Amino acid sequence: MSGLKVNFSKTKVGGIGLNAILIKDFTRILNCNHMKIPFVYLGLPIGENPRRKIFWQPMVDKVRSRLSSWKGKLISMAGRACLIKSVLSALPLYYLSFFKLPKSVCNELIKIQRNFLWGWGSVDRKIAWVRWENICKLKKDGGLGIRDIGNFNIALLAKWKWRLGIEGHGLWKEVLESKYGSWRNLNETNISRYASRWWKDIHKVCGNSEHGAWFEKCIGWSVGEGEKVKLWEDTWVGDESLSTRFPRLYSISESKERYI
Amino acid sequence: MEEQLLQMICNQRFIKGHPDTWLWKDDDDEVFSVKSAYYKLQGNFVEEEDKVFHMLWNTKVTPKAQFLGWRISLDKLPTKDNLIVRGVQLQHNLCELCQVSAESVDHLFSSCRVAQKVWNLCDNWLGVSSVHHFKARENFKHFSIINLNTRQNSIWRGMWLAIVEEIWKHRNWVIFKQRKVDPDEIFGLAQVIAWVWMKHKISSVNFSYSDWVFSPLSCLKSL
C-alpha cells in the first residue's frame with residue numbers, strides 16, 4: 001500500500017434519487033461536503049445540458065482567444081492554418097469525445113476558424129476565397145486537411161457504440177446494458193423517451209436514425225460461436241441481412257429473432 | 001431459394017471457440033478508428049488525376065510559398081478578375097505588369113508578356129527551350145527536367161514556386177508601392193530565394209549560390 005489516505009474535507013457525497021436529509025446524514029458521518037448536480041467529474045461537467053449553447057461557452061471562448069485576430073495578423077496564411085489545426089486537435093477534443101456538439105455551436109466554431117484563416121479583423125471583413133468544405137479536404141485532394149469539427153465529433157461519439165459492441169467489461173458498459181439492453185437498442189428506429197440525452201445523441205449520430213445509418217454500413221461480423229449474431233436480422237453473410245435477401249423465407253420463419 | 005440460403009451459410013467461415021465480434025469494414029485491420037470513421041463521414045472524394053496537389057505539397061519550400069501555389073492551382077487568388085466577380089470595385093481590370101490584357105491567374109503567371117520573359121530567362125539559364133502552357137496550373141505540372149529523378153524534380157519545382165512568388169510580390173509592389181517592373185529583377189530574386197529554400201530545407205545541399213547560378217543542373221543532380 002502506498003499510504004494514500006482519503007482527504008475527507010475535499011471529498012463530496014452525492015446521491016441520485018435519494019432523500020436530501022439522508023445525504024445530509026452521510027455528509028455529517030463522513031465529515032465531508034454535499035455534492036450538488038451539476039458537478040464536474042474527470043473534467044467533464046455532469047448534469048448540465050450539453051444541448052444548450054451556454055454549456056459550450058467556455059470552450060468556444062477558449063478557442064476564440066487562441067485564434068484571435070491580432071495573432072493572425074503576425075503570421076502568414078500557412079501559419080494560421082497550422083495554428084488552427086493545433087488548437088482544434090488539442091482544446092475541445094475531450095468535450096467532443098463525450099458530448100454532441102449542437103449545430104449552432106459547430107457553426108460558430110467553424111466561423112471562428114474561417115475568419116482566422118482568412119485574416120478577418122474586428123472591423124475589416126475579408127473574402128473567404130475557398131469554401132470551408134474544400135478547406136477540410138485532404139491536402140492531396142486540394143484542401144488543407146483541417147478537420148471538419150462536426151464530422152469529427154460524430155466519429156468520436158461513434159467510438160462509444162463500437163466499444164459498447166466489442167469491449168469485454170466495464171462498469172460504464174454494465175450500467176448502460178442494464179438500462180438499455182445492449183447496443184441493439186441503438187438500432188431501433190425509436191428509442192424510449194426516457195433514455196438519457198447522451199444515449200439519444202448517440203442514437204442520433206450512429207444509431208438507426210436519419211443520419212446514423214452510416215455506422216451499420218461499416219460494420220461486419222466475424223462469426224465465432226454465433227451467440228451474439230441474429231440469424232435473420234444481422235448482416236453476417238454477404239452485404240445484406242438474410243431477412244432482406246430472402247424476405248419470403250423470413251416471413252414464414254417462426255423464430256425471427258433467433259441467434260445463430 | 002432454400003438451397004441458395006444453405007449454400008450461403010455453408011460458404012461462411014465460422015471461427016470455433018471464439019466469441020462473435022464486429023469488424024470495421026472501412027479499415028485494413030478491421031478495427032474501428034476515429035480516423036477511418038471520420039473519413040467515412042467526410043465522403044470519398046474523387047482523387048485528382050493529375051496529382052498536382054501531391055506535387056505541390058512535396059516541394060521543399062516555405063509553407064507560405066506552397067500556400068501561394070495552392071491558391072494558384074485553385075484559382076483563388078485576389079487577381080482582378082476574381083475580385084470583380086466578388087463585387088469589388090476597381091478602376092480597371094488590366095494587368096499591372098503589362099497594362100494590356102485583363103488580369104487573371106493564368107494571365108499573370110503564364111501568358112503575360114512579363115511572365116513569359118521570366119520563364120524564358122529560366123529556360124536560358126538551364127540552356128533549354130520549352131513551350132509554356134497558358135494555364136498556370138498546367139505550367140506547374142509540366143515544370144520538370146527530363147534527366148532528373150522524381151525527388152530532384154520535386155526540388156526543382158521549388159524554382160517554379162519561387163518565380164510565381166516573386167511575380168506576385170512584384171505585382172503587389174507595382175500596385176501598392178508604385179514600383180517599376182523588371183523581369184530580370186524578378187528572375188534574379190527567384191534564383192536567390194530558391195537557393196535559400198534549398199539550403200534550409202535540404203540537408204544534402206553543399207553547393208554555393210554561385211554554383212547554383214552557374215550550373216543549376218549539376219547542383220540539382222548532386223541532390
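Before I list any domains: their bounds come from an automatic or database domain assignment. I also note that this is a predicted model.

**Domains of chain A**

I looked up the assignment for chain A and got domain 1 (8-36), domain 2 (53-147), domain 3 (152-218) and domain 4 (220-260). Next I checked domain 2 of chain A against domain 3 of chain A, and their C-alpha centres lie 29 Å apart. The two are in contact through five residues of domain 2 and six residues of domain 3. On the domain 2 side of that contact I have two nonpolar residues, one polar and two charged.

**Arg51(A)**

I went to Arg51(A) next, which sits in the loop between β4 (44-46) and α2 (53-66) of chain A. Leaving out residues up to four places away in sequence, I find Arg51(A) touching Pro102(A) and Arg197(A).

**Where the chains meet**

How many residues does each chain put into the contact? I get 39 from chain B and 41 from chain A. On the chain B side, the elements giving two or more residues are α1 (2-11), β1 (21-24), α2 (34-42), α3 (52-57) and α4 of chain B. Of these, α2(B) gives the most, with six residues. Sorting the chain B side by residue type, I get 21 nonpolar, seven polar and eleven charged.

Strand β5 (residues 219-222) of chain A runs antiparallel to β1(B), and four bridges join them. I followed one of the pairs: Ile219(A) has Trp24(B) as its bridge partner in β1(B).

**Nonpolar cores**

Which residues have the most contacts inside the largest nonpolar core? For this core of 39 residues, I noted Val118(B), Ile163(B), Val164(B) and Ile167(B). The elements of chain B that give it two or more residues are α4 (63-73), α6 (105-111), α7 (113-126), α8 (136-141), α9 (150-177), α10 (183-201) and α12 (216-221). The largest share is that of α9(B), at ten residues.

I then picked Val118(B) and listed its contacts, skipping residues up to four places away in sequence: Ile163(B), Ile167(B), Pro183(B), Ile186(B) and Phe187(B). Apart from this core there is another, of 38 residues, including Leu96(A), Leu109(A), Ala155(A) and Trp160(A).

**Positive phi**

Asn31(A) has a positive phi of about 55° and is not a glycine. I place Asn31(A) in the loop between α1 (20-30) and β2 (33-34) of chain A. Asn31(A) counts as exposed, since it has 9 C-beta neighbours inside 10 Å.

I found Gln99(B) in the loop between α5 (80-85) and α6 of chain B. With 11 other C-beta atoms within 10 Å, Gln99(B) goes down as exposed.

Conventions:
Residues are numbered from 1 along each chain as its sequence is written. Chains are lettered from A and ligands numbered from 1 in the order in which they are written. This is a predicted model: local features need pLDDT of at least 70, side-chain atom pairs count only at pLDDT 80 or more; totals for chains, interfaces and linings use all residues. A nonpolar core is a set of buried Ala, Val, Leu, Ile, Met, Phe, Trp, Tyr and Cys residues joined through C-beta atoms within 7 Å. A residue is buried if 20 or more other C-beta atoms lie within 10 Å of its own, exposed if 12 or fewer, and partly exposed in between; C-beta atoms are placed from the backbone. Two residues are in contact if their C-beta atoms, placed from the backbone, lie within 7 Å. Ala, Val, Leu, Ile, Met, Phe, Trp, Tyr, Cys and Pro count as nonpolar, Asp, Glu, Lys and Arg as charged, and the others, Gly among them, as polar. Two strands pair if DSSP finds at least two bridges between them.
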